[in-house]
Amino acid sequence: MKSLKSIKNLKNKKVLVRVDFNVPVGDDGIVDDKEDWRMKAALPTIEYLLEKKAKVILMTHLGRPEASQKFIKSKIHKVKNQKYSLRPVAERLEELLNRKIKFVNDCVGDKVKKVANEIKTGEIVMLENLRFYKEEKENNKEFAKELAGLADVYINNAFSVSHRKHASVVAVTKFLPSYAGLLLEKEVKILSKAINNPEKPVIIIIGGAKIKTKIPVIKYLSNKFDNILAGGVVANVILKAKGVDIKNSLLDDININEVKKISFKDNKLHIPVDAVVCNSKNKVVLSAIGKIKNNKILDIGPETAKLYSKIISDSKTIIWNGPMGLFEKEEFSSGTKAVAKAVVKSEGYVIIGGGDTIAAVDKFGDLKKINYICTGGGAMLEFLAGKELPGLEALK
Ligand code: ADP
Ligand code: MG
């Protein structure tokens, strides 16, 4: 992976940067300062380019306009849907950088070409939502070629979408000299160190739902990490695989036989010993694992929280993805709260990732005390599962 810093001369070069500015835009059309951390994380790369007198062209996706067929435009159509427009994001970026951003309401076509041709040194252009074109997600070569045609150099600064084989992440690298942005480089470095050369003991706390993305992480790290602490639906699945009757607890979409095949050495994998459960009458009760009646596990219990907190405080490197329970509801938030408090208090190096995990630390702890907040949940999990990320491979 070649670094942006290895480019000798950026003066007057048109640099096309894939960022991830997929941030929530309020109904008032404003990106507020609690939700723009993904943008802030990319600023050093943009500032570096400006310092080197480059011409900066930013591109990103926003939301899932493609989920509603109505909004998908083929290449010949003009983008019309304003709900997913990046204009508010460009406005927020103006505030963050304290300089003018030139927003173009399309990302390919003659108008965009003209703007790219006229861009001056030190100027920033921001293109409209890449996903207004279905070609983006299809990794379409023609579309990528049009994007590439706007610039002299391509930078991937979006680790969080690098697990996706999309045109602005993969196909585009076929048409331009391609480099890793400072943020991408940093995220890869931090995660690689955590996997291959961490300060020990090293642990991962893994919970939440989306099981399919998490079991491969447990599989890959089970022989590398000192401890794996399971919570949430992840714990349900492991309990089930171990033959524990978990009654009506959520399992998500997983083949239990796959989970049964994972071998764990030295009791490294920790599963809950007690749980907060909700019975059929919606009453909240505490139960030891193995003694659950007609109930549903919705949080780890206090004994488990205590055990997990102790392991966390004894560790030097800690990765956390996935809440311990249905933390959005007060009565099932204690486990997640305890873990959030323990990681915030930890003197070890703490990495967190995943939208809900970040929200939980923000709610119960203090994000400022976290050593590294990874911008991508899905990409982080694939990386931690030892998979090759297509966006990173494309930069090799
Ligand atoms: P992240 O966004 O941090 O990657 P996930 O999206 O995988 O995390 O999972 C978060 C969701 O999992 C939360 O909405 C939470 O309520 C839910 N969850 C966690 N534990 C349970 C449980 N035992 N039963 C049902 N839902 C759970
Ligand atoms: Mg989530």
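Helices (H or I, at least four residues) and strands (E, at least two) are DSSP runs, numbered from the N terminus.

The views show a predicted model, in which local features need pLDDT of at least 70, side-chain atom pairs count only at pLDDT 80 or more, and totals for chains, interfaces and linings use all residues. Residues are numbered from 1 along each chain as its sequence is written, chains are lettered from A and ligands numbered from 1 in the order in which they are written, and side-chain values use heavy atoms, with hydrogens and water left out.

**View 1. The shell around ligand 1.** Ligand 1 is surrounded by 20 residues (a heavy atom within 4 Å). Ala209, Lys214, Glu328, Asp356 and Thr357 are the closest. Helix H8 (232-241), strand E12 (296-300) and helix H12 (355-364) each give at least two residues to this shell.

View 2. A side-chain N or O atom of Lys214 is 2.7 Å from an oxygen atom of ligand 1. For Asn321, a polar side-chain atom lies 3.2 Å from an oxygen atom of the ligand. Ile297 instead uses a backbone N or O atom, 3.2 Å from a nitrogen atom of ligand 1.

**View 3. Lining of the second largest pocket.** Helix H6 (182-196) and helix H14 (390-393) each supply two or more lining residues, and H6 gives the most, with four.

Note on methods:
Polar contact = N/O pair within 3.5 Å; in protein donor to acceptor, adjacent residues only side chain to side chain.
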